Amino acid sequence: MWSNEDLNANCDCLVSTGDPTLDKLVNQWISWDKNGATREQIRSLVQDGCMEELKRRLCSRMTFGTAGLRAAMGAGFSRVNDLTVIQSTQGMYIYLARCFSDLGSRGLVVGYDTRAQECSGCSSERLARLTAAVMLCKDIPVYLFSTYVPTPFVPYAVKKLGAAAGVMITASHNRKEDNGYKVYWQNGAQISSPHDKEILRCIEGNAEPWAESWAEDLVESSPLKSDPLEDICRWYMEELSTICFHRDLNARSSLRFVHSSFHGVGHNYVQKAFQTFGFLPPIPVPEQMNPDPNFSTVSCPNPEEGEPVLELSLRLAEKEGAKIVLATDPDADRLAVAEQCDECGWKVFTGNELAALLGWWMLFNWKKMHPDSAETERVYMLATTVSSKILKALAQIEGFHFEETLPGFKWIGNKIHELAKTGKEVIFSFEESIVNYDLLSTMVLGFLCGSMVLDKDGVSAAAVVAEMAAYLHTKNVTLTQQLQNIYEIYGYHISRTSYVVCNDPPTVERIFSRLRNFEGEGIYPKTCVGYTIAHIRDVTTGYDSSQPDKKCVLPVSKSSQMLTFTFQNGIVATLRTSGTEPKIKYYTEFCAPPGKSDISMLEEELMKVTLALVEEYLEPDKNNLIRRFV
C-alpha cells in the first residue's frame with residue numbers, strides 16, 4: 001500500500017510485533033494518529049499479539065465503491081476514523097485543486113448523519129468537522145451543515161451553491177459499526193471513474209497528515225466556514241413543491257400516515273416535506289424518531305428488510321388507524337412503504353413494485369400538465385440494469401424514453417446530468433439490487449422523483465407516495481389495487497433475486513469464461529432448460545447481440561463480470577459478480593406482455609428458468625458454490 005520511503009518516514013520504532021513491515025505500519029499509525037482512542041486500539045492489538053487483525057487493519061486501504069468509501073469505524077488504514085478521513089480529504093484537496101482553478105471561491109459542501117462509536121471516539125459530526133478543517137487550513141471555503149441532514153441535501157447544496165464538490169459522512173443503512181465518506185462532484189452526482197481512481201492516488205500520495213489538518217478549532221474560528229442549513233432547507237422545500245400536484249386535495253385528505261426515521265436523520269425533514277405538500281404531519285414512531293447510533297429497536301437499520309424491522313411502525317399504524325407506513329433509512333435517502341390490506345394484513349412493497357407505482361404517478365401528472373403529446377418526446381425515465389423492466393413497458397406504450405444504467409445511483413445521477421444538457425427531462429429514476437456488507441446481503445432500493453437532486457431521495461419520495469395514496473383514496477383505489485391496474489395495462493413483472501458465494505476467484509473466472517464459450521469458442525448459450533435466448537449482453541467485454549454493431553451501449557466494466565440473457569418468452573436474467581464480496585448475484589424477471597395474467601403460471605415458469613440458470617450455468621455442486629437466498 002505504501003512505498004518503503006513512506007514506511008520509513010516518521011516511524012521511530014515505538015512498538016515491535018516481530019514483523020518488520022508490520023512494525024513500520026504500526027509505528028506509522030501511532031505517530032500519525034492524534035485520536036487517543038484509536039491509537040490505543042492499535043497498541044492493544046500489538047500487546048495482545050493479534051497479528052492477523054493488525055494486518056487486516058493496517059495493510060490495506062479503503063477503496064471507492066458504489067457508495068464511496070465505507071467500512072467499520074475503528075483504528076487502521078482500512079477503517080473509518082479521524083486519520084483516514086483526514087488522509088481522504090487531503091487527497092480530495094490535492095485533486096480538486098488540480099481540477100478547479102477557482103476552488104478557492106467555489107469551496108466544498110460537507111454534511112453528516114448521526115452515527116457514532118464511543119470506543120473509537122468517532123462520530124459522523126467529528127469526521128465532518130475534520131473534513132472541513134483540512135479544507136479550511138488550505139483557505140478553501142467550506143459549507144458545513146450545523147446539524148445532521150439527509151444525504152440528498154449534500155448533492156442538492158453542491159448544485160445550488162456552485163461548489164466544486166461535496167462530502168457526506170454516512171454509512172446509510174449499514175450496520176451500526178460502519179461509517180462512510182461519500183463524494184459528490186460539481187454536477188451534484190456521485191463521483192465515478194476517473195475521479196474515484198485519481199482521488200485514491202492523491203490520497204496515497206499525501207498520506208502523512210499535515211500538521212494543520214488536525215486543527216478542528218478552525219471550524220469555529222475561520223471566516224471561510226459557513227452554515228448552509230437554513231438556505232438549503234428552504235430552497236429544497238420550495239423546489240419540492242414543483243412535484244406536488246394536488247395540494248388542495250392533500251389538505252382535505254382523511255388518509256393517515258405513520259413515518260419511521262429508523263433512529264436516523266429523517267424525522268424533521270419528512271415532517272417539513274409533508275407540510276410542503278399540504279398534509280397534516282405523519283404520525284412518528286416515538287421509539288425511532290430521534291437519532292440513536294445504536295439503532296436500539298431494530299436488528300438491522302434497513303427498512304427495506306420488510307415486516308420484521310417495520311414491526312413498531314405497523315403496530316402503531318394499526319393503533320392509530322393509519323393505512324400507510326413510510327420508513328426512511330437512517331440517512332433518509334431510501335424509502336420503504338407498507339399498506340394495510342383489509343383481508344391479508346400488511347403489504348410491504350418491493351422496490352420494483354414501488355417503482356411501477358411512482359413511474360405511473362409521475363407520468364400521469366406530467367401528461368396532465370403537458371397535454372401536447374409531442375412533448376413526450378423529451379421525457380425520460382431511468383433505472384439500473386438489474387432493476388425491473390416495468391418502466392420500459394410503460395415507455396413502449398406511452399411513448400416516452402427509457403434508458404438503463406450500470407448498477408449504482410452514481411450512474412443514474414450522471415445520466416440525468418447528461419440528458420439535461422440536451423434539453424431532456426427525467427421525471428423518475430430508481431434502482432433495486434443486492435448489496436453486500438461483511439458477507440451479509442440485503443436488498444437496497446432508491447427512488448428519485450423529478451431531478452432536483454441527482455441521487456436517490458427518501459424525503460421527497462415519502463411525500464410523493466403520500467400524495468399518490470391520497471389521490472387514489474379519493475377514487476376508492478388502494479396502492480395495491482393500482483399496482484394490479486398497472487400490471488394489467490402494461491404487463492405483469494415478477495422478479496426473483498438471490499446469490500451464491502464463491503470463495504475462489506479463479507473459479508468465478510472459469511464460470512464466466514465457460515458461458516462465453518458455451519457452445520464453442522466465442523459462442524454464448526442459445527437456450528436454458530429448453531427456453532430460447534433471444535439476446536445476450538456482456539458488459540464485461542462490451543458485447544451486445546441486440547445492437548446492430550454488436551457493441552454494448554452501457555459502459556464497459558472490465559473490473560467485474562456481468563452477463564444478461566433476454567429470453568424469447570420475456571424473461572430477463574442477469575448474472576453479476578460483486579466488487580467487494582465473493583458472490584455471484586442473479587436477478588431474474590418475467591416481463592409478461594399485456595393480457596398474460598396467469599400469475600401462478602408466470603411464477604412457475606420464472607422459477608423454472610431461475611433454478612436452471614443457477615444449476616446449468618453456475619454449476620454450484622461442481623464449483624463448490626454456497627447457496628444463499630435473499
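**Entry 1: strands**

I looked up strands S6 (residues 165-169) and S7 (residues 178-184), which pair in the antiparallel sense over 4 bridges. Helices (H or I, at least four residues) and strands (E, at least two) are DSSP runs, numbered from the N terminus. Two strands count as paired if DSSP finds at least two bridges between them. I noted that Ile-169 stands opposite Tyr-181 in S7.

This is a predicted model, in which local features need pLDDT of at least 70 and side-chain atom pairs count only at pLDDT 80 or more, while totals for chains, interfaces and linings use all residues. Residues are numbered from 1 along each chain as its sequence is written, and side-chain values use heavy atoms, with hydrogens and water left out.

Next I traced the open sheet of 6 strands and wrote down its order, S1-S7-S6-S2-S5-S8, with mixed pairing. Strand S1 (69-72) and strand S8 (225-226) stand at the edges with a single partner strand each, so one side of each has no neighbour in the sheet. Helix H7 (residues 124-136) packs on the sheet and touches strand S2 (108-112), strand S5 (142-144), S6, S7 and S8. Contact here means heavy atoms within 4.5 Å. The direction of H7 makes about 165° with that of S2; the axes are lines fitted to C-alpha atoms, for helices over the stretch in contact, and angles run from 0 to 180 degrees between N-to-C directions.

**Entry 2: a covered helix**

How many residues of helix H13 (residues 266-276) are buried? I found 8 of its 11, among them Tyr-269, Val-270 and Phe-274. Buried means under 20% relative accessible area, exposed over 50%, and partly exposed in between (1.4 Å probe, protein chains only). Just after H13, Gly-278 takes a positive phi of about 90°.

**Entry 3: cores**

I then went to the largest nonpolar core, which has 124 residues; Phe-428 and Leu-479 touch the most other members. Such a core is a set of buried Ala, Val, Leu, Ile, Met, Phe, Trp, Tyr and Cys residues joined through side-chain atoms within 4.5 Å. Helix H18 gives the most to this core, with 12 residues. A second, separate core of 59 residues includes Leu-22, Tyr-93, Phe-100 and Ile-169.

Not counting residues up to four places away in sequence, Phe-428 touches several residues, including Leu-358, Met-362, Tyr-380 and Phe-447. I also checked Ser-460, which lies in helix H18 (residues 458-474). Ser-460 counts as buried because its relative accessibility is 1%. With the sequence neighbours up to four places away left out, Ser-460 touches Tyr-236 and Leu-240.

**Entry 4: salt bridges**

A salt bridge is a side-chain nitrogen of Lys or Arg within 4 Å of a carboxyl oxygen of Asp or Glu. The count by this rule comes to 36.

I looked at Arg-98 and Glu-198, whose side chains meet in a salt bridge (3.8 Å, N to O). This pair links distant parts of the chain, with Arg-98 in helix H5 (residues 82-99) and Glu-198 in helix H9 (residues 195-205), 100 residues apart. Arg-98 is exposed at 53%, whereas Glu-198 is partly exposed at 23%.

Where do Lys-182 and Asp-455 lie? Lys-182 is in strand S7, and Asp-455 is in the loop between strand S17 (440-449) and H18, 273 residues apart. Their side chains meet in a salt bridge (3.5 Å, N to O), and both residues are buried.

Arg-627 pairs with Asp-621, the closest N and O atoms being 3.4 Å apart. Last, I noted one network of salt bridges with shared partners, which joins Lys-182, Asp-329, Asp-333, Arg-334, Glu-431, Asp-455 and Lys-456.
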